[in-house]
Amino acid sequence: VDDKVIGTCGCKIWVDESVEIISLATLKRFQGQGIGTRLIQENIGRGKSLGFKRFFAMTVAPKVFSKINFKVVGYNRLSFKVWVDCSGCPRNAGGPGDKNCNEEAVELLLD
């Protein structure tokens, strides 16, 4: 909008044949307008076109993901993610699910 980025979202492919939705963010004044949802859906579309059926994220906004049928899951469903990326996070000093972690794991499985 006016040559400024108002939202972003990416994806990361994992060796277990899943796609992680990463770095979802929308400028505060544009939140609640469905931009984040559309960005997630775009990344799901990319993953689907490559044959992927499992999508997940670690998020501080699980409600945004639940709008498109992601379900909150336990950290054990994402053990590879937690041990690779989360292990070095200062909010996760005590291991997966540390009380200081402010993110929830969400997952979408397609038929």
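In the predicted model, M58 stands opposite A105 in β5. Local features were taken at pLDDT of at least 70 and side-chain atom pairs only at pLDDT 80 or more, whereas totals for chains, interfaces and linings use all residues. Residues are numbered from 1 along each chain as its sequence is written, and side-chain values use heavy atoms, with hydrogens and water left out.

Strand β3 (residues 54-59) pairs with strand β5 (residues 104-109) in the antiparallel sense over 6 bridges; strands are DSSP runs of E of at least two residues and helices runs of H or I of at least four, numbered from the N terminus, and pairing requires at least two DSSP bridges. An open sheet of 5 strands, of mixed pairing, has the order β1-β2-β3-β5-β4. β1 (7-14) and β4 (71-73) are at the edges with a single partner strand each, so one side of each lacks a neighbour in the sheet. From one strand to the next the twist averages 30 degrees.

Helix α1 (residues 35-49) lies across β1, β2 (18-26), β3 and β5, and runs at about 155 degrees to β2. Contact means heavy atoms within 4.5 Å; axes are lines fitted to C-alpha atoms, for helices over the stretch in contact, with angles from 0 to 180 degrees between N-to-C directions.

The largest pocket holds about 490 Å³ of space (an open set of points on a 1 Å grid over the protein atoms alone, where a 1.4 Å probe fits, with protein on both sides within 12 Å along at least five of seven lines; lining residues have an atom within 4 Å of a point). Of its 24 lining residues, L24, A25, T26, A61 and V64 are the closest to the centre. β2 gives the most to this lining, with 7 residues.

Definitions and conventions. Points joined across faces, edges and corners; volume = space filled by probe spheres on them.
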